[in-house]
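I opened this notebook to keep track of what I looked up in the model, entry by entry.

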Amino acid sequence: MSSLYVIVAGAGKVGWNLARELIGKGHEVTVLESDRRRYLAVEQELEHAVQYGDATELWVLERAGIQRADLVVAVTGDDEDNLLICQVAKEKYLCERIIARVNNPRNLIHFKLLGIEPAVSATDLILRLIEHEVPSYGLVHLLDLPNEELEVIELVVSEDSHAAGKRVVDVRLPEGSLVMALLREGKGLVPNGETVVEAGDEVLVVLQPRLEHDIESIFVSPNGRY
Amino acid sequence: MFVLIVGAGRVGSSVATTALQAGHTVSVLDEDPLSHERLDMELGQSWEEAGGRFTIGTAMELEALREAGVEEADVFIASTNGDNTNLVVAQVAQRRFDVPRVVARVLDPRRAAWYQEQGVNTICGTAIAIEQLEAAALRDTA
């Protein structure tokens with residue numbers, strides 16, 4: 001990756017560590033922090049790479065050189081601030097890449113509504129990890145590509161489901177979905193049409209998001225999960 | 001008309017009272033119950049008895065907005081004490097709930113002007129104060 005100019009809004013734990021890592025990788029970074037005391041603490045280490053000011057104010061962004069920024073990352077503790085910093089960066093200053101932190105996962109819908117993507121929620125990520133650790137939870141999202149309208153999900157095949165005991169070729173999958181892999185007794189295998197799906201297998205399916213419910217009903221029985 | 005006001009501090013409560021007295025249906029959403037008392041005081045009677053609605057909640061929550069009646073609102077006023085909250089919830093009202101008339105109070109003049117250009121109706125108290133102050137202080141000095 002060639003060297004980027006990155007503006008990081010918010011010098012909390014996330015912003016500070018992010019700046020340190022980016023600088024370590026050879027990127028140019030300016031961190032913006034509106035709390036004077038926090039700014040002074042961070043400035044001890046980051047020196048000229050941190051500036052004092054509220055990143056939701058246009059002049060603060062301009063002073064940081066937003067016109068030449070390759071990437072703006074908004075990681076303050078306030079979702080409204082992160083949303084607006086990214087909105088202004090993208091729509092006013094035409095910054096090509098933005099990344100927003102979402103503190104409260106319930107605010108994700110607002111970021112989506114206003115086209116602020118990617119929006120990253122640590123709570124949401126941890127929740128997904130928990131789901132992955134506890135497969136009985138049901139359907140796990142491994143990858144979401146909302147713009148491309150694709151996702152990869154993981155399901156545990158239940159005993160009395162449609163798919164259990166059938167060859168992959170006989171499992172009636174809807175158009176726009178595909179079984180990518182099976183995980184059985186800790187081993188992964190890439191199936192062909194002859195591979196038999198067994199109860200207890202974890203299947204990885206790539207699909208269009210609208211098919212999620214159909215796919216679930218094929219691999220998981222309605223009267224109880226595996 | 002159905003007027004939904006988010007944030008009933010000095011500005012919001014005053015507009016709410018005026019709208020109610022003008023015969024509109026007025027619903028107020030505020031996270032601070034103290035705002036309700038302010039409305040009672042300004043009216044000289046209970047806000048609900050006078051026909052007003054009040055919901056305690058934060059406007060970033062869709063459920064709170066729905067409970068306050070955003071889906072029926074003809075007018076949506078974002079007048080909390082935070083510019084950023086006002087700009088976000090005004091856009092939510094406009095784009096998600098298609099409220100026909102949305103007004104956001106924004107104290108930062110530059111962002112008020114830019115969002116106005118983007119189609120968000122903003123009112124900037126600071127810009128008005130600057131204009132009046134300049135007129136009063138610098139009058140006849142040019």
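**Conventions.** I noted that this is a predicted model, in which local features need pLDDT of at least 70 and side-chain atom pairs count only at pLDDT 80 or more, while totals for chains, interfaces and linings use all residues. Residues are numbered from 1 along each chain as its sequence is written, and chains are lettered from A and ligands numbered from 1 in the order in which they are written.

**Backbone of chain A.** I looked up the peptide bond from Glu117(A) to Pro118(A) and found it cis, with omega near 0 degrees. Pro118(A) sits in the loop between α5 (108–113) and β6 (119–120) of chain A, where helices are DSSP runs of H or I with at least four residues and strands are runs of E with at least two, numbered from the N terminus.

I then checked Glu47(A), which has a positive phi of about 50 degrees without being a glycine, and which belongs to the loop between α2 (36–46) and β3 (50–52) of chain A. Is Glu47(A) buried or exposed? Glu47(A) is exposed, with 8 other C-beta atoms within 10 Å (buried takes 20 or more, exposed 12 or fewer, partly exposed lies in between, and C-beta atoms are placed from the backbone). Glu185(A), not a glycine either, has a positive phi of about 50 degrees and lies in the loop between β9 (177–184) and β10 (187–189) of chain A; with 7 C-beta neighbours inside 10 Å, Glu185(A) counts as exposed.

Leu29(B) stands opposite Thr55(B) in β3(B). From β2(B) the chain passes through helix α2 (residues 34–43) of chain B to β3(B), a right-handed β-α-β crossover (clockwise from the first strand over the helix to the second, with the strands pointing away from the viewer).

**Contact between chains.** I recorded 16 residues from chain B and 14 residues from chain A in the contact, residues being in contact if their C-beta atoms, placed from the backbone, lie within 7 Å. On the side of chain B that touches chain A, α4 (83–95) and α5 (109–117) of chain B each supply at least two residues, and α4(B) gives the largest share, seven residues.

**Helix pair in chain B.** Ser13(B), Ala16(B) and Thr17(B) in α1(B) meet residues of α2(B), including Arg38(B) and Leu39(B).

Notes
Pairing = 2+ DSSP bridges. Contact = placed C-beta atoms within 7 Å.
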